[in-house]
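Let's take a walk through this model, from the record to the sheet and then to the ligand.

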Amino acid sequence: KNIVILISGSGSNMGAILHAAEQERWAERLNVRVAAVISNKADAQGLALAQSQGVATAVLDHKAFASREAFDAALMVQIDQFSPSLVVLAGFMRILTPGFVAHYAGRLLNIHPSLLPAFPGLNTHQRAIDAGCKFAGATVHQVTADLDHGPILAQAVVPVLAGDTAAMLAARVLTQEHLIYPRAVAQFLRTQNT
Ligand code: GRF
């Protein structure tokens with residue numbers, strides 16, 4: 001079974017998934033592999049990391065397409081070359097069209113850096129600080145047509161500390177993302193098997 005991971009940036013969640021799949025041997029046990037990493041940005045740092053792990057990479061620049069629909073159609077063609085059982089969004093900073101989401105229904109996961117349903121969308125850490133939240137966190141969820149609102153698979157909670165900047169809180173949340181996302185992916189693949 002194949003997994004395709006979509007990224008836009010540093011790809012640290014992607015790296016955590018690759019690392020866990022190898023270290024915890026679930027890739028072997030579940031007979032899955034990360035077949036490809038696709039980025040909408042040519043300069044995404046995660047591409048080099050994927051290549052260093054022997055994973056195929058591709059870049060599809062959204063700016064080369066006239067519409068969201070055209071980009072998503074081309075992205076689907078790229079992804080479907082690998083016939084994935086699971087598509088993992090890991091810091092993929094594009095809003096997906098309903099057609100794309102429907103095409104991968106039941107096999108599309110995302111991680112969002114807030115305790116959903118609180119703070120969907122962007123700037124989650126600053127918004128949590130501004131709201132006076134004492135806790136923040138991250139959520140792994142299935143992707144549905146409603147942005148950041150699909151069924152929740154896993155969450156991690158971290159404290160918001162006095163004097164936190166958005167960057168400080170983001171870093172604290174990110175360390176937890178790296179723990180819960182690989183676990184949630186493995187768990188999801190297990191349930192797909194049964
Ligand atoms: C993560 O915080 C993710 O939740 C958010 O963007 C960040 C991506 O980090 N959507 P990385 O590319 O996995 O390092």
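UniProt positions are given here in the numbering used for this model, with feature names shortened, and such annotations may be inferred rather than shown by experiment. The unreviewed UniProt entry lists residues 1-185 as "domain: Formyl transferase N-terminal". Residues are numbered from 1 along each chain as its sequence is written. The model is predicted, so to speak of local features takes pLDDT of at least 70, side-chain atom pairs count only at pLDDT 80 or more, and totals for chains, interfaces and linings use all residues.

Helices (H or I, at least four residues) and strands (E, at least two) are DSSP runs, numbered from the N terminus. Across residues 1-185, the chain is 37% helix and 23% strand, with the end C-alpha atoms 13 Å apart.

Now the sheet. Two strands pair if DSSP finds at least two bridges between them. Seven strands make an open sheet with mixed pairing, ordered E3-E2-E1-E4-E5-E6-E7. Strands E3 and E7 sit at the edges, each pairing on one side only.

| Edge strand | Residues |
|---|---|
| E3 | 56-59 |
| E7 | 152-159 |

E7 runs antiparallel to E6 (residues 135-142), joined by seven bridges; Thr-139 has Gln-155 in E7 as its bridge partner.

What about the ligand? A residue is near a molecule if its C-beta atom, placed from the backbone, lies within 6 Å of it. Of the 14 residues around the ligand, Ser-10, Ser-12, Asn-13, Gly-91 and Pro-113 come nearest. H1 (12-23), E5 (108-112) and H7 (166-193) each give the shell at least two residues.
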